[in-house]
Amino acid sequence: MTSHVPNEARVIPLRPQATRPGARPAAAPVPPERRPPTVREPLWRDLVGDVLRGERLAQERTLKDVSDAARISMPYLSEVERGRKEASSEVLAAAAGALGLSLGDLLARAHGELVRVTSRHTGAGPGRNTPGARFDGMCLAA
C-alpha cells in the first residue's frame, strides 16, 4: 500500500495580503538611472588621514620618520593616513606633533576640508544661504 504525495511545496505567506478598502497600490520602484545621485559625506577619519598625509608629503618626510617621531607603529600610521583606522586623540596628537602641528591645527584643517568638500556638493559655501552659490577659492586674512 503506497500513498502518493505530490512533489510540490505549499507556500504559506507570513503576512497575508490584506486588501483594505481605499488602500492605494504600492508605487512602482524607480529605476536606478532615474534616481537622483546620492552624495556620500566624507568620514572624519578619511579627512584627518588626508590632512596627515598631505602635511607629511609637503614636508617630504617618510612614514618611518614620522612614525618614529610620534612613537606610533609605521603600519598603524599608514592605516590612519588611509582612513582605515579611527585613531584616538592621543595618537592623533602624537602624529600631529611629529609633523609640527598641534591637535587643534590638525582638526581645524580637517574641518576646513570637510566644509570645502560638502559645500561643493550642496552648492553653498560656508555661511551662505543662497542656493546655487559656490565658493571654491581660498580666503586669507591678516
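Here are a few questions and answers about this predicted model.

User: Which residues of helix H3 are buried, and why do they line one face of the helix?

Analyst: An α-helix has 3.6 residues a turn, so residues three or four places apart point the same way. Looking down the axis of H3, the buried residues fall within an arc of 160°, so they line one face of the helix. In H3, which runs over residues 74-81, the buried ones are Leu77, Ser78, Val80 and Glu81.

User: Which residues have the most contacts inside the largest nonpolar core?

Analyst: That core has 19 residues. H1, H2, H3, H4 and helix H5 (103-122) each give two or more residues to the core. The ones with the most contacts inside it are Val48, Leu52, Leu77, Leu92 and Leu106.

User: What is Leu106 in contact with, leaving aside its neighbours within four places in sequence?

Analyst: Leu106 is among the residues with the most contacts inside the core. With those sequence neighbours set aside, its partners are Val48, Val51, Leu52, Leu92 and Ala96.

User: Is Glu60 buried or exposed?

Analyst: Glu60 is found in the loop between H1 and H2, and its phi is positive, near 55°, though the residue isn't a glycine. Exposed means over 50% relative accessible area. Glu60 has 74%, so call it exposed.

User: What is phi of Arg71 near?

Analyst: Arg71 lies in the loop between H2 and H3 and is exposed, with a relative accessible area of 79%. Its phi is positive in a residue other than glycine, near 60°.

Technical notes:
Residues are numbered from 1 along each chain as its sequence is written. This is a predicted model: local features need pLDDT of at least 70, side-chain atom pairs count only at pLDDT 80 or more; totals for chains, interfaces and linings use all residues. Side-chain values use heavy atoms; hydrogens and water are left out. Buried means under 20% relative accessible area, exposed over 50%, partly exposed in between (1.4 Å probe, protein chains only). Helices (H or I, at least four residues) and strands (E, at least two) are DSSP runs, numbered from the N terminus. The arc is that of the directions from the helix axis to the C-beta atoms. A nonpolar core is a set of buried Ala, Val, Leu, Ile, Met, Phe, Trp, Tyr and Cys residues joined through side-chain atoms within 4.5 Å. Contact means heavy atoms within 4.5 Å.
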